[in-house]
Amino acid sequence: MTQELTPSLSEPAAGLPASSRTGWWRDAVIYQVYVRSFADGDGDGVGDLRGARERLPHLARLGVDAVWLTPFYASPQADGGYDVADYRVVDPLFGDLDDARELIRAAHGLGLRVITDIVPNHTSDRHDWFRQALREGPGSPARARYLFRPGRGASGELPPNDWESVFGGPAWTRTKNPDGTPGEWYLHLFAPEQPDLNWDDPEVRREFDAILRFWLDLGVDGFRIDVAHGMVKAAGLPDIGHGRQAELIGNQVLPFFDQDGVHEIHRHWRRLLDSYGGDRIGVAEAWAPSPERLALYVRPDELHQAFNFQFLKSPWEPGALRTVVDESLRATGSVGAPTTWVLSNHDVVRHTTRYADGDPERGLRRARAAALLMLALPGSAYVYQGEELGLPEVTDLPDEARQDPSFFRADGQDGFRDGCRVPIPWSGSEPPYGFGPRPGSPSWLPQPPRWKELSVAEQEGTPGSTLELYRSAIALRREHPALGAGEAVEWLDAPEGVLAFRRTAAGAAPGSAGDGAGAAVVVTLNTLGRAVELTAPGRLLLSSAPPAAPAPRSGGTVRIPADSCAWWAI
């Protein structure tokens, strides 16, 4: 049965006036580069800054506004660079400071802003500070920079509390005293090679101020703050008591995540960022138990954005998707901040595979549809490298190739992150598919043979390819006055299994169809595994799948293919 679309307006939360579009980040499309796996410039099998710089034109052609780079600092690489030994030095694996300067300069020349990762929750155990703390022993100022504690039990043989690492196993490791006897324990919410810093220590705060200024002076446009919710722990480090494994992505209330004390740190960093020109930004990687808690990180005097992992976690079901959109917009709207939308990153299974339910073709259909949904929503969108190619998770990596520390620890986080970190394919008919500078170059993780058809070269200029879909969607998002920034969507009645909403250009009344000049866009998302008929809301702008029949102008009947999303100009 054909069904028309009628409106039901979902307003942003009251309490604050609508925010003006004063910052580039409010509707930016930001591309995540996992440096190890993006492009290898020197042929050693590991991606680096030179390789990333040489591939920046791909991002400019894609149409994104900024590039976010994962850590490239000096590191033993116990956790892919998130174990930092020196925050002011580029690891030789990735290049040197001149390479960083050249990348920033080249990106700015292409109109791209550069966001770098900062890792403030923990350092590497090879950091000079931690080595000094081990040498100087209990009670020393060097130990005050970290969270050392005596153990429990008659001889201190038990950990100080019952906390567990996100990577599995106890979150505490015992040290040895200089004379070889058992010593204190230190906290590591992640790997033992990543000791947690003590953010109650003034020296820690001063050092990170200096680190941020160092990179801002080099020209970076902002920071993605790793584990932004974990820097402050509950007073007294109390037991959790329930014996559950800590989850990085979860709704648990934990004494080491999302403590109120983190907000004072972020307010201080906002003042530091604002002291520089050019709209420098801070982005929180904050895993909060609710949208309302997440919104606290983006209050007007705190950070500019926070990753919206509730959207990433939503199942492929219209009710769940609508709920997370509404709750996200309501929460960020209550503090005048933009919402962010993300489908994949370097810590989760790629959404092409998550949505597949065992059928790769279905996964790709849904991933393409989800991309159009994400890029049509108000706020800022993040694209993880390779998703513009429709890359799936690599689920058959041999054990001997894996490098994710969670793989080697029992009861670690769900899944294994190596599968989403396999180097992306650029060109050629055999590995490394242009990842390295010459045919036959090595690759730190093996690429599957089927990726030949998914390379940039294979998809570029090919009508209907996932790459060209992303390019078209980002271009339309930039050009159309109804897309990009905003605080609300106007939901429309639609058949079962279909979501439909309207985005209206700034200044146009909600519910208005405009004057024929395209003042509004209607988005239809069919989550079903079969086609659905409905009345075409307007002129078809873009579809993740070709319509089952030529799309008429507004008023005619159109079949919306299974697992697809379309944009309509009205």
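Me: What makes R36 count as lying over the face of W444?

Reply: R36 is 4.3 Å from the ring centre of W444. A charge sits over a ring if NZ of Lys or CZ of Arg is within 6 Å of the ring centre and within 35 degrees of the ring normal, so 4.3 Å passes the distance part. The charged end of R143 is also placed over a ring, that of F148, at 4.3 Å from its centre.

Me: Before we go on, what kind of model is this, and which residues count towards what?

Reply: It's a predicted model: local features need pLDDT of at least 70, side-chain atom pairs count only at pLDDT 80 or more, and totals for chains, interfaces and linings use all residues. Numbering runs from 1 along each chain as its sequence is written, and side-chain values use heavy atoms, with hydrogens and water left out.

Me: Back to F148, then. Why is its pair with Y186 called tilted?

Reply: The whole structure holds 25 aromatic pairs. In this one, the ring centres of F148 and Y186 are 6.2 Å apart and the planes meet at 55°. Rings of Phe, Tyr and Trp (its six-membered ring) pair if their centres lie within 6.5 Å; planes under 30 degrees apart are stacked, over 60 edge-to-face, and the rest tilted. So 6.2 Å makes them a pair, and 55° makes that pair tilted.

Me: Why do you say that F148 and Y186 tie parts of the chain together?

Reply: F148 lies in strand β7 and Y186 in strand β9, so the pair joins parts that are 38 residues apart in sequence. Strands (E, at least two residues) and helices (H or I, at least four) are DSSP runs, numbered from the N terminus.

Me: And how do you know whether F148 is buried or exposed?

Reply: Its relative accessibility is 6%. Buried means under 20% relative accessible area, exposed over 50%, and partly exposed in between (1.4 Å probe, protein chains only), so F148 is buried. Y186, at 7%, is buried too.

Me: What makes the pair of F167 and F190 edge-to-face?

Reply: The angle does: there are 75° between the planes, with 5.6 Å centre to centre. F167 sits in the loop between β7 and β8, and F190 in the loop between β9 and α6, 23 residues apart. Both F167 and F190 are buried.

Me: Over to charges. Why is the contact of R61 with E460 called a salt bridge?

Reply: Their closest N and O atoms are 3.4 Å apart. The label needs a side-chain nitrogen of Lys or Arg within 4 Å of a carboxyl oxygen of Asp or Glu, so this pair qualifies. R61 lies in helix α2 and E460 in the loop between α13 and α14, so the bridge ties together parts that are 399 residues apart in sequence.

Me: How exposed are R61 and E460?

Reply: R61 has a relative accessible area of 46%, so it is partly exposed. E460, at 33%, is partly exposed as well.

Me: What about R478 and D65?

Reply: Their side chains meet in a salt bridge at 3.4 Å, N to O. R478 is in helix α14 and D65 in the loop between α2 and β3, so this bridge spans 413 residues of sequence. R478 counts as exposed at 53%, while D65 is partly exposed at 22%.

Me: How do you know D117 and R224 form a salt bridge?

Reply: Their closest N and O atoms are 2.7 Å apart. The two belong to strands β6 and β10, 107 residues apart, and both D117 and R224 are buried. Elsewhere, salt bridges that share partners join R61, E460, E468 and R471 into one network. The search of the whole structure finds 30 salt bridges.

Me: Last one: what makes Y433 worth a look in the backbone?

Reply: Phi of Y433 is near 55°, a positive value in a residue other than glycine. Y433 is in the loop between β14 and α13, and its relative accessible area of 2% makes it buried. P432, in that loop too, is joined to P431 by a cis peptide bond, with omega about 10°. D563 also has a positive phi, about 50°, without being a glycine; at 1% relative accessibility, D563 counts as buried.
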